[in-house]
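Please open the structure in your viewer and keep the selection tool at hand. The tour below moves from one selection to the next and states what is found at each stop.

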Amino acid sequence: SLLFCSAVSQVSTIEQDDLEVLDIFGIDPASMNHLMSSPSPCETILQWIQRLIVEGHQEGTVDVPPPILTRAFQEFGNGIVSLNNVRQIREVPFPFPYAQMLA
């Protein structure tokens, strides 16, 4: 929920930033301050999630075979790559000469 809301707020053009996050109070204030001051909050949240998965796997809490765990990390990576592609489309203006040719 926090990762999704952070990604949406990075790529959307809405002025309101009141997206609802589930259980934001489960994160300690120091981590929230770090997240708010981070230049790329999505990458920070992703690192937190990946660290929790690795710790859970080492402790036996997340008991899945390594190929499935690797696939989960691969999907997280694909998501961040897609997010960066959307950010590029949003931030890089369409070249003026091409716009004139299409009009």
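Begin with Asp 23, which lies in the loop between α1 and α2. Helices such as these are DSSP runs of H or I with at least four residues, strands are runs of E with at least two, and both are numbered from the N terminus. Phi of Asp 23 is near 50 degrees, a positive value in a residue other than glycine. Asp 23 counts as exposed because its relative accessibility is 59%; the scale calls a residue buried under 20% relative accessible area, exposed over 50% and partly exposed in between, with a 1.4 Å probe and protein chains only.

Before going further, note that this is a predicted model, in which local features need pLDDT of at least 70 and side-chain atom pairs count only at pLDDT 80 or more, whereas totals for chains, interfaces and linings use all residues. Residues are numbered from 1 along each chain as its sequence is written, and side-chain values use heavy atoms, with hydrogens and water left out.

**Stop 1: Val 21**

Stay in the loop between α1 and α2 and select Val 21. With a relative accessible area of 24%, Val 21 is partly exposed. Show its contacts, meaning heavy atoms within 4.5 Å: not counting residues up to four places away in sequence, Val 21 touches Ser 1, Leu 2 and Cys 5. Val 21 and Leu 2 are 19 residues apart along the chain, and their C-alpha atoms are separated by 5.7 Å.

**Stop 2: helix α1**

Select next the buried residues of α1, namely Leu 2, Leu 3, Cys 5, Ser 6, Ala 7 and Gln 10. The elements that cover them include α2, α3 and α4. Centre the view on Leu 3: leaving aside neighbours within four places in sequence, Leu 3 is in contact with Cys 42, Ile 45, Leu 46 and Ile 49.

Then move along helix α1 to Gln 10. Is Gln 10 buried or exposed? Gln 10 is buried, with a relative accessible area of 17%. Beyond residues up to four places away in sequence, Gln 10 touches Ser 40, Pro 41, Cys 42, Leu 83, Arg 87 and Arg 90.

**Stop 3: the largest nonpolar core**

Which residues make up the largest nonpolar core? Select Leu 2, Leu 3, Ala 7, Met 32, Leu 35, Cys 42, Ile 45, Leu 46, Trp 48, Ile 80 and Leu 83, eleven residues in total. Such a core is a set of buried Ala, Val, Leu, Ile, Met, Phe, Trp, Tyr and Cys residues joined through side-chain atoms within 4.5 Å. The most comes from α3, with four residues. In soluble globular proteins, nonpolar side chains tend to be buried together.

**Stop 4: α3 against α4**

Now display α3 and α4, which pack at an angle of about 180 degrees with their axes 12 Å apart. The axes are lines fitted to C-alpha atoms, for helices over the stretch in contact, and the angles run from 0 to 180 degrees between N-to-C directions. The two helices, α3 and α4, are therefore roughly antiparallel to each other, a description applied to angles over 145 degrees.

On the α3 side, select Cys 42, Glu 43, Leu 46, Ile 49, Gln 50, Ile 53, Val 54 and His 57; they meet Leu 69, Phe 73, Phe 76, Ile 80, Leu 83, Asn 84 and Arg 87 in α4. The residues of this contact divide into ten nonpolar, three polar and two charged; here Ala, Val, Leu, Ile, Met, Phe, Trp, Tyr, Cys and Pro count as nonpolar, Asp, Glu, Lys and Arg as charged, and the others, Gly among them, as polar.

Within helix α3, pick Val 54, which is partly exposed, with a relative accessible area of 35%. Val 54 and Leu 69 are 15 residues apart in sequence and 8.9 Å apart in space, C-alpha to C-alpha.

**Stop 5: the salt bridges**

How many salt bridges does the structure hold? There are two, a salt bridge being a side-chain nitrogen of Lys or Arg within 4 Å of a carboxyl oxygen of Asp or Glu.

- Select Glu 55 and Arg 51, whose closest N and O atoms are 3.7 Å apart. These residues are four apart in helix α3 and so are separated by about one helical turn. Glu 55 is partly exposed at 35% relative accessibility, as is Arg 51 at 46%.
- Select Glu 75 and Arg 71, whose closest N and O atoms are 3.1 Å apart. Both lie in helix α4, four residues apart, about one turn of the helix. Glu 75 is partly exposed, with a relative accessible area of 41%, and Arg 71 is partly exposed, with 47%.

Methods:
Parallel < 35°, antiparallel > 145°, perpendicular 65-115°, else oblique.
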